[in-house]
Structure formats: structure tokens, C-alpha cells
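Here is a short briefing on one protein model. It takes up a sheet, a single residue and a ligand site in turn.

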Amino acid sequence: MEVVIRPDAEDAGRTVAGIVHQALAEGVRTLGLATGSSPLGVYRDLARRHRHEGLSFSGVEAFLLDEYVGLPAAHLQSFAQVIRRELADHVDLDPARLHLPSGTAPDPAAEARRFERCLAEAGPVGLQILGIGVNGHIGFNEPGSSLASRTRLKTLTDDTRRDNARFFGGIEDVPRHVITQGLATIGEASHLVLIATGPHKARAVAAAVEGPVTAACPASVLQLHPHVTVVVDALAASQLE
Ligand code: F6R
């Protein structure tokens, strides 16, 4: 595992965008995308590179990590909308090649299996962008998730719903369930790139990078992967030894 410490969040975002740019230039054609606030600087810089540096997403198959259950795709906070607004609308990614679980499928468990099959057929993901929750989740694999888990229906913890209330009117509007790639699913990507910024992520980053490998901190499973890059700003790095 390589840990890259940058002075601030903007620099960390540019660093991850540079890693993605290089991977695409080297022929990676399957990209894993996270939503949430952590990768916003990455996506801004990827859009800039598309406009000014000839970075192209043509032919790229993109897979999201997760989607809220119960939110229609048109809802402003569905991850389908978020990824379009923050990245896909600003680059030449073919909308037909942007894959994610449907939050409104009548049978979420079957939808999770469909998405897992879709990943297996297109995979492995060449480069996967990850954020980390303050409780150490990646995707929405909350503490206690099996390290061998596959894409499935998960219940969000109250902590995560409180954290994400900032995107909604209040905690009562945050969905209770998600479909998320499992930890083993995520681990099939060839290169995992995790970005974390801000002081509130420092404890989770230290536990993920230097703590024991344990389901109590799902991101600690990254220690078992052969190719992981963790990009943090100085504040998120502040609890590293
Ligand atoms: C989102 C996702 C989550 C977020 C994590 C951090 O697709 O999979 O793991 O990366 O909850 O969220 P932010 O970046 O908003 O702090």
C-alpha cells in the first residue's frame, strides 16, 4: 500500500485525477467511481483535463459502488444523478456505459445480483476510486460487514445516515438501505485509489492503514490488496504514525 500525503484537499484531488488520467492513457477501460464529497475535487480536475488536456473517457465502462434503495434515479441525491452532475455530464463518457444498481428495482436482492453479474462480465475494474466513511466503511460496507461480501442490500447505520443528512433535508429523509458492492467485489479491482480529506477522516484513515485487518473497520481490508494507493491531505493524515 502506498500512502501519498498532500498539503490540502485540492492537491489530493488533483493527485487522484492524475492517477486516473495516467491509467486511462495506459489503456484502462473499466473505471470504478465513488460518490459523496471526497471525490468531487477529483471529478472537477478530470473534467478540466477533458476540456484542456485531451483526456477522453470514450469506450470506458464505468461502475458505481452503490445506490440508495427507494430513491428514483431522477432524485437529486440519487447516486445516478450525483455522478452525472459531478462527472459524466462534463466528460465524453457514454451514458450507456455508466452502470449502477437501480434504487427502485422491485426486488433489491435480485438487483444486487444482477449488478454483481454485470461487474463480473465487464471486469475486472482497472481502477477503482474510493472514499471512506468516518466509521471506516468503503462503498456502504458498514462495520461488521464480511470481508468476503459481494454486492448486496445493506442497512445504513444511524451514524452514516446522520453524516449524509447534509445532502438531504434532514436525517429522516436519508434512505435506510443501499445496494452496495461488497468488500470482496471491490477487492477485485486491479488498482484501488482511496481519497480522504479533512480532520474528521483522520481516525478512519489511521485505522484502515495502520490498524488490524478487521470487519470493525471495513477499509482495513485494503491492507490485503496488492495494489492500493491512499491519497490524503495533511489533516486526514494527522493520526498516522
Ligand atoms: C459513496 C461511497 C461511500 C463514501 C463515504 C464517504 O459512493 O461509497 O463510501 O465514499 O461515505 O463519503 P464522503 O466522501 O461524502 O465523506
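In what sense do strand 4 and strand 8 pair, and over how many bridges? They pair in the antiparallel sense, over 3 bridges. Keep in mind that this is a predicted model.

**The sheet**
- Strand 8 covers residues 177–180.
- An open sheet is built from 3 strands, in the order 4-8-7, with antiparallel pairing.
- Strand 4 (66–68) and strand 7 (152–155) stand at the edges.
- Each of these two has a single partner strand, so one side of each is left without a neighbour in the sheet.
- On average, neighbouring strands of this sheet are turned by 30° against each other, direction ignored.

**Val-230**
- Strand 10 (residues 228–233) contains Val-230.
- Is Val-230 buried or exposed? Val-230 counts as buried, because it has 24 C-beta neighbours inside 10 Å; the cut-off for buried is 20 or more.
- Leaving out residues up to four places away in sequence, Val-230 touches Met-1, Val-3, Val-4, Leu-194 and Val-209.
- His-90 lies 140 residues from Val-230 along the chain, and their C-alpha atoms are separated by 25 Å.

**The ligand site**
- There are 14 residues around the ligand.
- Which of them come nearest? Thr-35, Gly-36, Ser-37, Ser-38 and Gly-131 do.
- By class, the shell around the ligand holds 8 polar, 5 nonpolar and 1 charged residues.

Key:
Residues numbered from 1 in each chain as written. Predicted model: local features only at pLDDT ≥ 70, side-chain atom pairs only at ≥ 80, totals over all residues. Pairing = 2+ DSSP bridges. Helix = DSSP H or I, 4+ residues; strand = E, 2+ residues; numbered from the N terminus. Axes fitted to C-alpha atoms, helices over the stretch in contact; angles between N-to-C directions. Buried ≥ 20, exposed ≤ 12 C-beta atoms within 10 Å, placed from the backbone. Contact = placed C-beta atoms within 7 Å. Near = placed C-beta within 6 Å. Nonpolar A, V, L, I, M, F, W, Y, C, P; charged D, E, K, R; others polar.
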